[in-house]
Amino acid sequence: MEEDNQYNIATIVADLRNIIKIRNETEESKNTDVMQILDSLIKKSSIQEVIDLLPNETVLMLLRDKSKEIIAQTAKAIAEMTKTDKGREQYTNTDIVETLMKLLKEDDINILIQTSRALGNICYENKNGKVMIKEKDGLKYILQILKKATDLKNTESADMLRRVASGLLWNFLVDQESLQQQALEENIVQILCNILEIDGAMAGETITHVLLTLGVLNDANVTFLDKRLIDIVVNILSNSKSLEISEMCLELLYDQADNDEVKLLLTKANIPELLLKLIETHGPQCTSEETRSVLKVACNLIILILTGDDSMNILYDNGKGTVYNNFVKWLNSNDEDFQVTAVLAMGNFARTHNHCKLMVEQDIHKKLLQLIQKNDSKNSDIRFQHALLSALHNLVIPTDNKPIILKDGLIDILYPMLDIPTFPIVFKLLGTLRIVIDRQKEAAISLGKKEDLIKRTVVWCGTDDHPGVQGEANRLLAWLINNSKDKDVALVIIKYGGTQYLIKMILAEHALMQNEAILSLTYLATICPIELEDVLIKNNIGDVICKFLKESASNLELPIICNMFSFIDSIIKSDIIRQHLNNTKGLKTTLKNVLDYEKVDSTLKEKINVIWNTIDADSSLN
């Protein structure tokens, strides 16, 4: 049969069926006849017509032919036709899939290659096809093919078998969670590592299939990243020129790095140093959206690694770490992504008192304050602002750092950010201001006298849209009172209605906040007793105290209970308050019940009895 003979599809199919009939009846038909017809059938221009005209029975006969060449060529034809939706639908057939699965047991490498291609294409976005293969114990046979392909190492065509079989595995595992777990139990990761080690960093399509498969396996929420796989990924990242492959490597590492042990493995494998080197080398050329996306994934991975305590300490290395000092330099970068990453890194390094102290000695806080001054409006990048405030929040926690950072203008620099309405920024801003005034009387007085701040804080105390902001606003008012102990500050807070929120805060879910509220109200009662009277009565302080003692006191530590009774003692000096408490239903009974608490010592019991008698005295007068 000459190559230049022209056949229409119907004629070619008819010829093929005739040749098959002859082959079944005699030995005269040559393999080349069938091979040439099959080759002509899979020309791209004719595939749709072939699918319509070539019956499955004919395909099955060819797949069961005695000639390995014809079997391989038939599988190749199926592989080509199943690249189309119509082809996948046609060959998602129980008999054809079962026959192809049996061919995976063959030793002929060409049959294995073409069969893997055909099954891989049948699986592609085809639930029914996957089910058929699964029912034939597909995972077992696919993994066996991959093992065979790795055992063949550099034998001719073995690399192609690894490429197509890994593609089949990927298509098969997508959207099959139960199989993903089973694959992990079958040691699939080590099989995939074998493939990557044999084919090296330059086998682009095979690497792509393997990385995509590892990405699918990650959906099983199992940590499978180990030192061996990390070393392989490092090799690929160091040598691959493919942007797509680099991104898949980074995403694999990122998805697996939720575990602190993995973060430590990545640190010990010098992944952060490698990424920094790659970023600094290629960063200036990352101008397209695609390349910039990869750069951001690399930056995010380093930050995620830094969230592990051991990793962070290693990379900080007492302020001498290469990664740490590179990020310090990045604070001055003109690249926005570099700067954001550097600030996020500073926030993570500033997670211990010793680190924070050394970082302030190195003037890191000054660099952060300078960046805030340039990004303090509601039009600035919110992610950057949040990162800056988070880092500063950590730096002001150590007592020794507070006066230094305050002296360098923290409050004045942060103040314009009050105009930013975004709740995550408000949350961090209020928290930073609250922390920095701890035991800093002058700063607390200065801040507490800023009426616009107090007015806005009181509004935030009442917001239901962001519980975190609401909590921080309440706590800031309490801390301003507790740290300033200043009457002018107290009067400003009373003036703008902050007291009602401090009263509500007595019933907060957290004991720490309850105690802060009690202490602040005690100070208010001491320095502003007259101004406080009406507010306390208007907000039913008697009912609040009663509820606190009934629902919270039994679960709280003794010092907090003592603070509550000190507060009660401070307000019963007022005749109006005392009468209010006397008239509060159930309060006196509740006071008596506290006496039965096991934790209540004799000193507190005596105090409770005095308070009870003082309140009850009004009943006697009535």
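Student: Why is Gln 180 called buried?

Tutor: Buried means under 20% relative accessible area, exposed means over 50%, and partly exposed lies in between, with a 1.4 Å probe and protein chains only. Gln 180 has a relative accessible area of 2%, so it is buried. The model is predicted: local features need pLDDT of at least 70 and side-chain atom pairs pLDDT 80 or more, whereas totals for chains, interfaces and linings use all residues. Residues are numbered from 1 along each chain as its sequence is written, and side-chain values use heavy atoms, with hydrogens and water left out.

Student: What makes a residue a contact of Gln 180, and which residues does Gln 180 touch?

Tutor: Contact means heavy atoms within 4.5 Å. Gln 180 is in helix α12; residues up to four places away in sequence aside, it touches Leu 173, Asp 175, Val 216, Leu 217, Asp 219 and Ala 220. Helices here are DSSP runs of H or I with at least four residues, strands are E runs of at least two, and both are numbered from the N terminus.

Student: How do you know whether Val 233 is buried or exposed?

Tutor: Val 233 has 1% relative accessibility and therefore counts as buried. It is also placed in helix α15, and its contacts beyond four places in sequence are Cys 249, Leu 252 and Leu 253.

Student: What makes a set of residues a nonpolar core, and which members of the largest one touch the most others?

Tutor: A nonpolar core is a set of buried Ala, Val, Leu, Ile, Met, Phe, Trp, Tyr and Cys residues joined through side-chain atoms within 4.5 Å. The largest holds 219 residues, of which Phe 327 and Phe 349 touch the most other members. Helix α19 (residues 289-306) supplies the largest share of this core, 11 residues. Apart from residues up to four places away in sequence, Phe 327 touches Leu 276, Ile 302, Leu 306, Thr 341, Ala 342, Ala 345, Met 346 and Phe 349.

Student: Why is the pair of Tyr 324 and Phe 349 called edge-to-face?

Tutor: Rings of Phe, Tyr and Trp (its six-membered ring) pair if their centres lie within 6.5 Å; planes under 30 degrees apart are stacked, over 60 edge-to-face, and the rest tilted. By this rule there are five aromatic pairs. For Tyr 324 and Phe 349 the centres are 5.1 Å apart and the planes at 85°, so the pair is edge-to-face. This pair links distant parts of the chain, with Tyr 324 in helix α21 (residues 322-330) and Phe 349 in helix α22 (residues 336-349), 25 residues apart. Both Tyr 324 and Phe 349 are buried.

Student: What joins Tyr 316 to these two rings?

Tutor: Ring pairs link Tyr 316, Tyr 324 and Phe 349 into a cluster. Tyr 316 and Tyr 324 form an edge-to-face pair, 4.7 Å centre to centre with 70° between the planes.

Student: How do you know that the charged end of Lys 592 sits over the ring of Trp 612?

Tutor: The rule asks for NZ of Lys or CZ of Arg within 6 Å of the ring centre and within 35 degrees of the ring normal. The charged end of Lys 592 sits over the ring of Trp 612, 4.4 Å from its centre. Likewise, the charged end of Lys 450 sits over the ring of Tyr 415, 4.9 Å from the ring centre.

Student: Why is the chain called more spread out than a compact globule?

Tutor: The chain has 40 helices and zero strands. Its radius of gyration is 37 Å, well over the 25 Å given by the globule rule for 622 residues, so the chain is more spread out than a compact globule. That radius is taken over C-alpha atoms, and the rule is 2.2 Å times the number of residues to the power 0.38. Along the principal axes, the C-alpha atoms fill a box of roughly 125 × 55 × 40 Å.
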